[in-house]
Amino acid sequence: MKRVIMSGDEAIARGAWEAGVTVAAAYPGTPSTEILENISLYKNDIYCQWANNEKVAAEIAIGASIGGARALCAFKHVGMNVAADPIFTVGYTGVNAGLVFVSADDPGCHSSQNEQDNRLYAPHAKLLCLEPSDSQECKDFTVAAFELSEKFDIPVLIRMTTRVCHSKTLVELGERKSSVVKKYESKPSKYAMLPAYARLRHVAVEQNLIEAEEYAYSSPLNRIEMGDRSVGIITSGICYQHAREAFGDSASYLKLGITHPISKKLVKEFCAQVDKVYIVEEGEPYLENAVRAMGIDCLGKEVVTRQGELDAQIVRRAFGIGAEPEVYEVGIQAPARPPVLCAGCPHRGFYFAMKKHRDKIVPLGDIGCYSLGVNPPFNGFDTCICMGGGFSMTIGMAKALELQGDKRKVFGILGDSTFFHSGITSIIDAIHAKANVCLCLLDNSITAMTGHQQNAGTSIDLMGNEAPAIDAVKLILAAGLDEKNLRVVDPIDLKAMDAAIRDAIATEGTFVIVTKRPCALLKEVIKANAGAHCVVDPDKCVGCKSCMQVACPSLAFENKKAYVADTANCNACGLCQQMCRFNAILRVEGKQK
Amino acid sequence: MTTSILLTGVGGQGTILTTKILSEGLVSLGYDVKMSEIHGMSQRGGTVNTQLKFGEKVYAPNIGRGEADIIVAFEKVEALRALPYLKRGGKIVMDEREIYSMPVLIGQQEYPHEADKVLKETVGDVVIVPASKIAEELGTIRAQNICLLGALIAALNLEGVDWEKLVASSVPPKTVDINVAAFKAGYKAVKSN
């Protein structure tokens, strides 16, 4: 069999293909995005789509499963919160063809707003939970997940973490089962969860979980590795790798691949063979609580942090084994390098224009590239909670400010993909509530932060087919916004941007600003600007630093002059040119194709 | 025995492609290979770390403090930032290129230009490869990553793989010549050091 090196996300996609999946849906979110991107490589066998949000994605998969097609839905951990509503009830209905949800958790908040541990969803929503620890297991567990889902009539949650999603390890490839499609039969008592039926399904699912736990005892997805018996380690997912590296053969291991339902019989038998029990897990004491509930004493979160990712050293330190590594130390420090808005990013124009009026505005942000506007020098917003919150929260904030006589205008800021994800319902509420707020839709024509995925506003879909692009402006007007209170502007046009913000502040009632300019990193934008960049004429530059205020990463300042340090990434957007009163910044044309 | 390699740079410099080529070569040598990269927000001009471990059997994919056998830095202060991960007696291969981060550009923080000298004094085994300059002279700064790959292969004596062929099949067809030349130059820069 062919062995290749692939990421956990790629391996999930491969596993789905091998398992005969025919429908897959997701909303992009780091570190889960590459799962659907890689599934789209199998588009001849698998129908796949970017859904507007995770709830829609989950419902597409649920519909497919009940209809008889093996289906997969992927999301990042916080995305599962959005999808939670249907997931909790499909836990009751069970499946027709296999149904798998993949949650990519992000301990360490590499690209997220929290570190929630989605294993906790499994017992709560009555799902099976599998935790792979490397790419081979990602593939194998995905294949197994579909079989288990059908065998026990339970949806399966595959719980990943960033380190599993984005690490590349060796995988032995298998072949695809022929597409699994089961006949659809109408069964309202199983799938229409009105109270009378739901009560009965609750009984059925509890029984199914008991049977799944019996299976877990002898499942090859769980594994015992006996070494020295003075310490027995119970662990799962990537933490198995950290524990194995930290303890080597000086301990025995119960590596749980199935972490819901946990086989109590297996845990008790393992614990009886070792002197003491350690639990190695990131995040919440999920395994630990289960082990303690069996009346077994163990050492876990008392010494292992709940914050961030673990590694072998953190595990060693927690359990007091091995010496601290010696490291080199020097007397100087590297300056911070936070991620920034790219050169040519359209969001820069918006934030720069808003900055001048910052004392009259309380801006609320959201999740996307534009989240980077929070950093100095823009200090672009005060809050960032969740997808869509940037719009909805303005309604409550405006009321709260009104109550304390604060006259500042509340601005909500979110992007096109987030608008389609959850901003639509928020903007309808704002208009309906006659909220005195300004909602700013920063439309860069793509889901940019996660690496350019299509969304409802783009004219192509995940499978590369043409798709009708939804016009956000028309949607907003259809919701009843007074057209006088709408501005559609190019954010790099500072005069127009400034005028729109002034109008918004001066207007009582709901105001909407839509900024339109595609992401600077889009292929067609790069192609159109190929080679174009700005240069600073040192004879004209007086060193006033006006241009530096736009905080473009391509611009630098040395020897009392500004200069374009990174001509490769400058795309001559022209923002800095508008700042220069001495016409010292010139555009150099590229070789347009 | 596991060998741990930490590649560090700024989003967009191509550390990930470098590690991909490296891992393919090491797999062909029969090693167990694990590579870990964290991307997402860091793409937007932030620090990007890619970690690669190889040996007979590798467990954890990530590298802890004091564990890296070699650090390959695509930018000067990124070598400094990654230093706590270097094993005592480990090696640094670095470009001398300076890329100023936003706190430096807006005057909040100072850029320590002397970082390479300080690292040389402290670590000793530091090879400076002017990879950006070499790549620029060859035609595009984008070949910097492949130049540093050549330097890394030389520094670790990773023989037994036709690396140039692997580079040629991994980069865009139009850029094969430049990248192979960059690889050779990086390799030579370390070997003649």
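Predicted model: local features only at pLDDT ≥ 70, side-chain atom pairs only at ≥ 80, totals over all residues.
## Fold of chain B

In total, chain B holds 8 helices and 6 strands. The radius of gyration of chain B is 16 Å, close to the 16 Å that the globule rule gives for 193 residues, so chain B is as compact as a globular protein of that length.

Taken along the principal axes, the box filled by the C-alpha atoms of chain B is roughly 50 × 40 × 35 Å. Of the 193 residues in chain B, 59% count as buried, and, among contacts between residues at least 6 apart in sequence, 64% join residues that are at least 24 apart.

## The side of chain B that touches chain A

Between the two chains, 51 residues of chain B are in contact with 42 residues of chain A. On the chain B side, at least two residues each are supplied by α1 (15–28), β2 (32–37), α2 (76–82), β5 (86–94), α3 (102–105) and α4 (115–123). The largest share, 6 residues, comes from β2(B).

By residue class, the side of chain B that touches chain A divides into 26 nonpolar, 15 polar and 10 charged residues.

## Strand pairing across the chains

The strand β2(B), which gives the largest share of the chain B side, is also joined by 2 bridges to strand β8 (residues 167–172) of chain A, and these two strands run antiparallel. Within this pairing, A:Lys168 has B:Met35 of β2(B) as its bridge partner.

Methods: Residues numbered from 1 in each chain as written. Chains lettered and ligands numbered in written order. Contact = placed C-beta atoms within 7 Å. Helix = DSSP H or I, 4+ residues; strand = E, 2+ residues; numbered from the N terminus. Nonpolar A, V, L, I, M, F, W, Y, C, P; charged D, E, K, R; others polar. Pairing = 2+ DSSP bridges. Rg over C-alpha atoms; globule rule 2.2 N^0.38 Å. Buried ≥ 20, exposed ≤ 12 C-beta atoms within 10 Å, placed from the backbone.
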